[in-house]
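Please examine the sequence and the structure before reading on.

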Amino acid sequence: MPGRHFLQIPGPTNVPDRVLRAIAQPTVDHRGPRFAELASHAFSQLKRVFQTSGHVVIYPSSGTGAWEAALVNTMSPGDRILMFDIGHFATLWKDMAERLGLIVDFVPGDWRHGVDPDLVASRLDADRAHAIKAIAAVHNETSTGVTSRVAQIRRAIDAARHPALLLVDTISSLGSIDYRHDEWGVDVTVSCSQKGLMLPPGLGFNAVSEKALTGSKSARLPRSYWDWSAMIRDNASGFFPYTPATNLLFGLHEAMAMLLEEGLPAVFARHRRHAEATRRAVDAWGLELHAVCREEFSSTLTAVAMPDGHDADRLRRVILERFDLSLGTGLGRLKGRVFRIGHLGDFNDLMLAGTLSGIEMGLAAAGVPFRAGGVTTALDYLADPGD
Ligand SMILES: Cc1ncc(COP(=O)(O)O)c(C=O)c1O
């Protein structure tokens, strides 16, 4: 089809031309001075995006690798970890923890809410013996479009005076939704490259607190590739213990520069505004948001529930074939029941207008019952200089 494909899944996201050009450079010696200088600069930019002054470890991996790194560096066989069933990715992380030999307290949820800070408080209050070694939470659950309140989770842990580590997955929030590793007392922040950081897949990250680093010295889960210690030792001079993804790091450097030039507060406000416009369109169409709680609405994606008897994947197929627009599929138990609109990363008003137009035309083409006017409602909101 002529024109650019609309990649509006909630990651991987569109890679800006500036980043593509940065990646398309001759590969350099990853043990040479030019690379060390670039890597050192990328580390300091990355710390600003994680809002931390501590270490950020970069792996050549997907987000799943960064999940594993967080667990194997901090936990020992048979350790207890508190996790929350808020969606598909929370479930996959739980499955991994079990496979690694951890005992998971998996708090049930309805996949329409985030981690409830009150439940964190009650679980920790009940754990007088401090058997729970870590609490793991997904900040932005990409399967449901729900964002958990990490600052409040931190407050609940502090109020319970519990020493557990706090591990947070920011895979679909970092660089798009305000996130403060240091201020919120997070011990390990897990993230990766292909969502708000506007890169192709291939880089995984762990931001690590001093407490987590100290704990890693006595943590006994087997680890080699994921071991923080060799990484942190070599990163101090801009190098890596094994071959890093050199060209993706060129891209990372450029993507961080773009985020910092725009300014993180402006980046977060842009995402909030596009999310609000999207929700207004959904509402005007007479469709239902999957997320139910306003204070947990995600700024990076919107999951839309299908009317009864209509399959989300059929709608997605019609939209792809007719308009060359990719939307996110329903994952796990939400398969066929929701479609997800990604509005994150390198994204602007007209890209959103195009995305919503493709959906509105697709709803009609697929024979899904809806009210016309969602696009106009979103455009009115975007056009209002007051917003
Ligand atoms: C919240 C969340 N966690 C973890 C993952 C897994 O990351 P990856 O597919 O890069 O391994 C994803 C992927 O979309 C995600 O959205």
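A cavity is a set of grid points where a 1.4 Å probe fits but cannot get out, and its lining residues have an atom within 4 Å of a point. The model discussed here is predicted. It holds two cavities of 30 Å³ or more.

| Cavity | Volume | Lining by class |
|---|---|---|
| Largest | about 60 Å³ | five nonpolar, five polar, one charged |

Which residues line the second largest cavity? They are Met83, Phe84, Ile86, Ala90, Trp93, Val115, Ala136, Ala137 and Val138. Strand E3 (80–84), helix H4 (88–99) and strand E5 (132–138) each supply at least two residues of this lining. The largest share, three residues, belongs to E5.

The lining of the largest cavity consists of Thr144, Gly145, Arg279, Leu289, His290, Ala291, Phe297, Ser298, Leu301, Thr302 and Ala303. Here strand E12 (residues 301–305) gives the largest share, which is three residues.

The report now turns to the helix pair. Helix H10 (residues 264–285) packs against helix H13 (residues 374–383) at an angle of about 150°, and their axes lie 7 Å apart. The crossing of H10 past H13 is right-handed. On the H10 side, the contact involves Arg273, His274, Glu276, Ala277, Arg280, Ala281, Ala284 and Trp285. These meet Gly374, Val375, Thr377, Ala378, Tyr381 and Leu382 of H13. Sorted by class, the contact between H10 and H13 comprises eight nonpolar, three polar and three charged residues.

Terms used
Residues are numbered from 1 along each chain as its sequence is written. This is a predicted model: local features need pLDDT of at least 70, side-chain atom pairs count only at pLDDT 80 or more; totals for chains, interfaces and linings use all residues. Side-chain values use heavy atoms; hydrogens and water are left out. Axes are lines fitted to C-alpha atoms, for helices over the stretch in contact, and angles run from 0 to 180 degrees between N-to-C directions. Helices (H or I, at least four residues) and strands (E, at least two) are DSSP runs, numbered from the N terminus. A crossing is left-handed if the near helix is turned anticlockwise from the far one by less than a right angle, and right-handed if clockwise. Contact means heavy atoms within 4.5 Å. Ala, Val, Leu, Ile, Met, Phe, Trp, Tyr, Cys and Pro count as nonpolar, Asp, Glu, Lys and Arg as charged, and the others, Gly among them, as polar. On a 1 Å grid over the protein atoms alone, a cavity is a set of points where a 1.4 Å probe fits but cannot get out, and a pocket is an open set with protein on both sides within 12 Å along at least five of seven lines; lining residues have an atom within 4 Å of a point. Grid points are joined across faces, edges and corners, and a volume is the space filled by probe spheres set on the points.
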